[in-house]
Amino acid sequence: PDHYRAGIGTSLLHELIRLCTDQGFRLMVAVIGGGENTGSIRLHEKAGFEHAGKLENAGWKNDRWHDWLLMSRPLAQSLTEPPQPPHRNKKFG
């Protein structure tokens, strides 16, 4: 609670995007539990994710069904070119 809204999530997400880009991945997909999770939705939107779909009543939590919101963010210059093997990073094998 002492660090709520201190930018930690933003920093972590941007670092994850950087690492995935550096390794040659072409697309990131976020699956956000609960369409009412506006904090997570806004975080992803600010990081360049766009709405890609919704799975209605896909998850059960706190005694009720929740939708899953799908968001995606391109990492590569072109999403139409054939895939390239990921760059290997010592941290991730």
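The legends below describe close-up views of one predicted model.

Because the model is predicted, local features need pLDDT of at least 70 and side-chain atom pairs count only at pLDDT 80 or more, while totals for chains, interfaces and linings use all residues. Residues are numbered from 1 along each chain as its sequence is written, and side-chain values use heavy atoms, with hydrogens and water left out.

**View 1. The open sheet has 3 strands in the order β1-β3-β2, with antiparallel pairing.** The edge strands, each of which pairs on one side only, are β1 (27-33) and β2 (50-61). From one strand to the next the twist averages 20°, where axes are lines fitted to C-alpha atoms (for helices over the stretch in contact) and angles run from 0 to 180 degrees between N-to-C directions. Strands here are DSSP runs of E with at least two residues, helices are runs of H or I with at least four residues, and both are numbered from the N terminus; two strands pair if DSSP finds at least two bridges between them. Strand β1 is joined to strand β3 (residues 64-74) by 7 bridges, and the two run antiparallel; within β3, methionine 71 stands opposite alanine 30. Strands β2 and β3 also run antiparallel and are joined by 8 bridges. Strands of a sheet pair through backbone hydrogen bonds, either parallel or antiparallel.

**View 2. Tryptophan 60 has tryptophan 65, in β3, as its bridge partner.** A search of the whole structure finds 1 aromatic pair. The ring centres of tryptophan 60 and tryptophan 65 lie 5.1 Å apart with the planes at 70°, so the pair is edge-to-face. Tryptophan 60 counts as exposed at 51% relative accessibility, whereas tryptophan 65 counts as partly exposed at 49%; the classes are buried under 20% relative accessible area, exposed over 50% and partly exposed in between, with a 1.4 Å probe and protein chains only. The hairpin of β2 and β3 has 2 residues between the strands, and in this hairpin asparagine 62 takes a positive phi near 55°.

**View 3. Glu15, Arg18 and Asp22 are linked in a network of salt bridges.** A salt bridge is taken as a side-chain nitrogen of Lys or Arg within 4 Å of a carboxyl oxygen of Asp or Glu, and a search of the whole structure finds 4 salt bridges. Glutamate 15 and arginine 18 meet through their side chains at 2.6 Å, N to O; they are 3 residues apart in helix α1 (residues 8-22) and are therefore separated by about one helical turn. The side chains of arginine 18 and aspartate 22 also form a salt bridge, at 2.6 Å, N to O, and these residues, being 4 residues apart in helix α1, are likewise separated by about one helical turn. Glutamate 15 is partly exposed, with a relative accessible area of 34%, as are arginine 18 at 39% and aspartate 22 at 46%.

**View 4. Lysine 54 and aspartate 67 meet in a salt bridge through their side chains (3.8 Å, N to O).** Because lysine 54 lies in strand β2 and aspartate 67 in strand β3, the pair ties together parts that are 13 residues apart in sequence. Lysine 54 counts as partly exposed, at 48% relative accessibility. Side chains of opposite charge can pair when their charged atoms come close.

**View 5. Leu27, Val29, Val31, Leu55 and Trp68 form a nonpolar patch on the surface.** Together these residues have about 440 Å² of accessible area, computed by the Shrake-Rupley method with a 1.4 Å probe, where for residues only the protein chains shown count as cover. Patches are made of residues with over 30% relative accessible area and no salt bridge, in which like charges are joined within 9 Å and nonpolar side chains (Val, Leu, Ile, Met, Phe, Trp, Tyr) within 5 Å. The largest share of the nonpolar patch, 3 residues, comes from β1. Leucine 55 and valine 31 are 24 residues apart along the chain, and their C-alpha atoms are separated by 9.6 Å.

Key:
Phe/Tyr/Trp six-rings, centres within 6.5 Å; stacked < 30°, edge-to-face > 60°.
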